[in-house]
Amino acid sequence: FIPLERTSEIFVDLYGHPVGEGSVVTATQEMAAAVQPANAQVKDQLRDAAPVVHFDESGLRVTGALQWLHSASTERLTSYAVHAKRGSEAFEAIGILPTLSGRAVHDHWQAYFTYPDIAHSLCNAHHLRELKGIEERYQQGWAAGMAKLLVEIKAAVDEARPVHSQLPEAKRAEFALRYDRVIEEFQRMGARLLT
């Protein structure tokens, strides 16, 4: 993510010797070829063996044009791919999502749902950003309540995880009740946003 000119300057700053931009390009290409077998193994493991894979994409500039950095990751594995497109065309070219054996966690962008045979979960980090935006833009108290609840649920799961595979039934029921109350508040107050 560092421009060639700046990469060359870094070598001067760190080592007192300039490195030409052509040398940086050559070294990058050689390294990309060297890690290709490892990258292929990571993609295979993400696609075929990981029970849960997180997907995201971010815009970046490549030779002045907008492209997309796609990531697929678990706690221990990450695959990056740059593609000119953001949606299904890129997913097909990258080759992880279309035949994923595990669950795909992502934002609620519609392109992910063009794969109905895959189990989907929505990312709470994205939910929290959306809820913050709703609270700030529309002054909707229910959005803050939902964000607080999601953070509490995550903390409870993190606390229970070393010993238990899930929260106790009573705790799940309590969270479900609180969730339903926030939804009811949204229906009373926040639904006006949709009209």
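Good morning. The structure shown here holds 14 salt bridges, a salt bridge being a side-chain nitrogen of Lys or Arg within 4 Å of a carboxyl oxygen of Asp or Glu. Please note that this is a predicted model, in which local features need pLDDT of at least 70 and side-chain atom pairs count only at pLDDT 80 or more, while totals for chains, interfaces and linings use all residues. Residues are numbered from 1 along each chain as its sequence is written, and side-chain values use heavy atoms, with hydrogens and water left out.

The side chains of Glu 9 and Arg 6 meet with 3.3 Å from N to O. Both residues belong to helix α1 (residues 4-15), where they are 3 residues apart, about one turn of the helix. As for the naming, helices (H or I, at least four residues) and strands (E, at least two) are DSSP runs, numbered from the N terminus.

I turn now to the sheet. It is an open sheet of 5 strands with mixed pairing, in the order β3-β2-β1-β4-β5; two strands pair if DSSP finds at least two bridges between them. Which strands are the edge strands? They are β3 (78-83) and β5 (119-122), and each pairs on one side only. From one strand to the next, the twist averages 25 degrees.

Consider the individual pairs. Strands β1 and β2 run antiparallel and are joined by 9 bridges. The two form a hairpin with 2 residues between them, and in the turn Thr 63 has a positive phi of about 45 degrees.

Helix α2 (residues 21-48) lies across β1, β2 (65-73) and β3, and runs at about 105 degrees to β3. Axes are lines fitted to C-alpha atoms, for helices over the stretch in contact, and angles run from 0 to 180 degrees between N-to-C directions.

Next comes the packing of helices. Two packed helices are described by the angle between their axes and the distance between the axes. For α1 and α2, the angle is about 100 degrees and the axes are 9 Å apart. This makes α1 roughly perpendicular to α2; angles under 35 degrees count as roughly parallel, over 145 as roughly antiparallel, 65 to 115 as roughly perpendicular and the rest as oblique. Leu 4, Glu 5, Thr 7 and Ser 8 in α1 meet Glu 21, Val 24 and Val 25 in α2, where contact means heavy atoms within 4.5 Å. By class, this contact has 3 nonpolar, 2 polar and 2 charged residues. Here Ala, Val, Leu, Ile, Met, Phe, Trp, Tyr, Cys and Pro count as nonpolar, Asp, Glu, Lys and Arg as charged, and the others, Gly among them, as polar.

How do the axes of α4 and α5 cross, and at what angle? The axes of α4 (residues 124-138) and α5 (residues 141-160) come within 8 Å and cross at roughly 155 degrees, which makes α4 roughly antiparallel to α5. The residues of this contact divide into 10 nonpolar, 2 polar and 1 charged. Among those in α4 are Leu 128 and Leu 131, and among those in α5 are Leu 150 and Val 151.

Finally, the axes of α5 and α6 (residues 169-189) come within 9 Å and cross at roughly 165 degrees, which makes α5 roughly antiparallel to α6. Their contact divides into 10 nonpolar, 2 polar and 3 charged residues. Trp 142 and Met 146 of α5 are among the residues that meet α6, and both are also among those that meet α4. Thank you.
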